[in-house]
Amino acid sequence: MQIGGDWRLNEPVPAWAGVFGKEAAANVRVVPENLGQWDTSLVLFLVHGRAWCAASKKEFHTEAMPENLQALLRQVPVSSVTKPPPKAAVRLRDLAASTGEKWAHHAGQNVSFLGECTLGFIGVAKHPCRFRWLDCLVEMQQCWGSSLPMVSLVSFLVGVILAFQSAIQLQQFGAAIYVADLVGLSVVRELGPMMAAFIVAGGTGARFAAQLGNMRVDEEVDALETVGISSVNFLALPRLLAVTVMMPILALYANVLGVLGGMFVSATMLNIPASAYWIETQNRVGFSDVSSGLFKCLFFGLAIGLAGCLRGMKCERSAAGVGTATSSAVVTGIMLVVLADALFAVIYNVLGV
Amino acid sequence: MNDDPNVPVIEVKSLTCGYGETVVLKEVTFAVHAREVLFVIGGSGCGKSTLLRCLIGLLKPFQGDIAYYGKSFTAADAGQRRNILKTFGVLYQNNALWSSMTLAENISLPLEEHTSLSPADRQEIVALKLTEVGLAGSEELYPSELSGGMQKRAALARALALDPAIVFFDEPSEGLDPIISREMDELILQVRENFGTTMVIVSHQLSSIFRLADRVIMLSHETKGIIAEGAPTELAATSADSHVRDFLKRDDDLPDRVNKNSAGSDKLIKNENKT
């Protein structure tokens, strides 16, 4: 067989079986004939030929080919009928066992992190001067600054949507003024704190996880530990405190914007003057409504901070690990906020707040 | 601190460690003596970094004991642990400078944590340490504003902040160009001369090994333990294990291999011309 011309991987390569077809040659000798540029495609072709010859008990000679091509052919062992690796069979029982193990591992990590945080806070209470107050203030500022635009927009729109939806129903009964009650109560008790918490979870919680995760990948957390500084005290506590303090403040701001949103709809669509809307809101929404909403925000903030710091500090040491940690911090944060909110709904109901 | 020369600075006794259920090192025993420069070498994945992480307390060993100046580190309570942590500095492979702080803050944080020096004194020490590593005047720079070599020196300055008796190095010349890596070696020698520091260095860099090491221990992936121990030149010449000799073969021992390679490539070029 004569082989010539250019052999390129990105151009079509003839199949060995197609070259010979049913023509029965006794032995095969490959000879170069005006062989131009060649690359692995020629090697592949000849390897196929060698396998074909071996299968049909023929001799295969390549001695006439360039020396470096022969060397490459020798590197591919004769027996390498390469098979793709078998797909790992996933058995349900193994999957269940490994998932169970993972869960147990995570649960252990979470509990130990919570314990470390608690001990850390006790330590801060004993020696307040050793706390990183400056870091805490910087985090507060960042939390406020990064959340403010989104909180403004979202809570104003939530007020608008609520007012709009309820107005359609209430107008039918000539009870349009009660839009103020509905918007006021639902925003102050539930939606203001919730919306603020979601935005903080998506912004600040994610930032904590990404920051701490990156610090872990770059061994910065290890460097702290070997200097004798507890990474929880140094990194997690200032952030936890910052987000716990900022959360009620942001929620209060969200409440104001939500009520303003309702007021805007009432004034423009329902022809209820802003002063009447305000008086109605004041009559219906009491101090206990506002404070109950803000009180649970402390726990929302704590939950978001814990989720962010925990995911960041237990992050896997890779770029993908930081990504996973960040998204998981947001998901965990939002889930914890909703769980806490449900819990508070029951508690407030029992207490009659 | 215990200054008895007979007590080894670091003593590792039948240390077994690993991650999860994988054992990386099994029954490893060795000692490091005062003012000694010990290199830990071995192929990739043989557990060098794992050993280092155990020594500096980032990884809890499965079994065995690590003692500093005769006092157990593995069994130490929080207070003793802190005291031991004070005696050593670590230079990490990725430098691990705290990226949100300036160099001055990076270097003064260990001082803040372990000493009662006044801020002015700390500032003085920071300037001194930075000068020592050739970075005078860069106090207010952030790590991200420095080149790789400068970051490495800054990290060394931080590791030396407390004038530790022991310094651990994880791949000190990894990713540095040959000139800077030589400067790094000079710096290491200089520190040892000035302070009599004991050093444990994890590295592949042959030139550094022969320039700096008093003794090397070589770990092996197969035996999960130490396969050779001794002075590098001695090991390279007389070790019974051919793997050890191969590992420590210096470039100037390889002239014929280099020639053979270049002859091979000549032939390749000729062939190409022919075809």
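## Strands 9 and 10 of chain B

L219(B) has I226(B) as its bridge partner in strand 10 of chain B. This pair belongs to the contact between strand 9 (residues 215–220) of chain B and strand 10 of chain B, which run antiparallel and are joined by five bridges. Two strands count as paired if DSSP finds at least two bridges between them, and the elements themselves are DSSP runs numbered from the N terminus, with helices being H or I of at least four residues and strands being E of at least two.

The model is predicted, and accordingly local features need pLDDT of at least 70 and side-chain atom pairs count only at pLDDT 80 or more, while totals for chains, interfaces and linings use all residues. Residues are numbered from 1 along each chain as its sequence is written, and chains are lettered from A and ligands numbered from 1 in the order in which they are written.

## The six-stranded sheet

In chain B, six strands form an open sheet in the order 6-7-8-3-9-10, and their pairing is mixed. Strand 6 (88–91) and strand 10 (225–230) of chain B are the edge strands, each pairing on one side only. On average, and with direction ignored, neighbouring strands of this sheet are turned by 15° against each other, where axes are lines fitted to C-alpha atoms (for helices over the stretch in contact) and angles run from 0 to 180 degrees between N-to-C directions.

## Strands 1, 4 and 5 of chain B

Strand 1 (residues 10–19) of chain B pairs with strand 4 (residues 63–68) of chain B in the antiparallel sense over five bridges, and I10(B) has Y68(B) as its bridge partner in strand 4. Strand 4 of chain B is also joined by two bridges to strand 5 (residues 71–72) of chain B, again with the strands running antiparallel, and here Y68(B) stands opposite K71(B). The hairpin of strands 4 and 5 of chain B has two residues between the strands, and in it Y69(B) takes a positive phi near 50°.

Chain A is divided into domain 1 (2–75) and domain 2 (108–351), with bounds from an automatic or database domain assignment. The centres of these two domains of chain A, taken over C-alpha atoms, are separated by 69 Å.

In the contact between the chains, 14 residues of chain A meet 19 residues of chain B, a contact requiring C-beta atoms, placed from the backbone, to lie within 7 Å. Helix 3 (67–75) and helix 7 (220–226) of chain A are the elements that give two or more residues to the side of chain A that touches chain B, and helix 7 of chain A gives the most, with five residues.

Notes: Contact = placed C-beta atoms within 7 Å.
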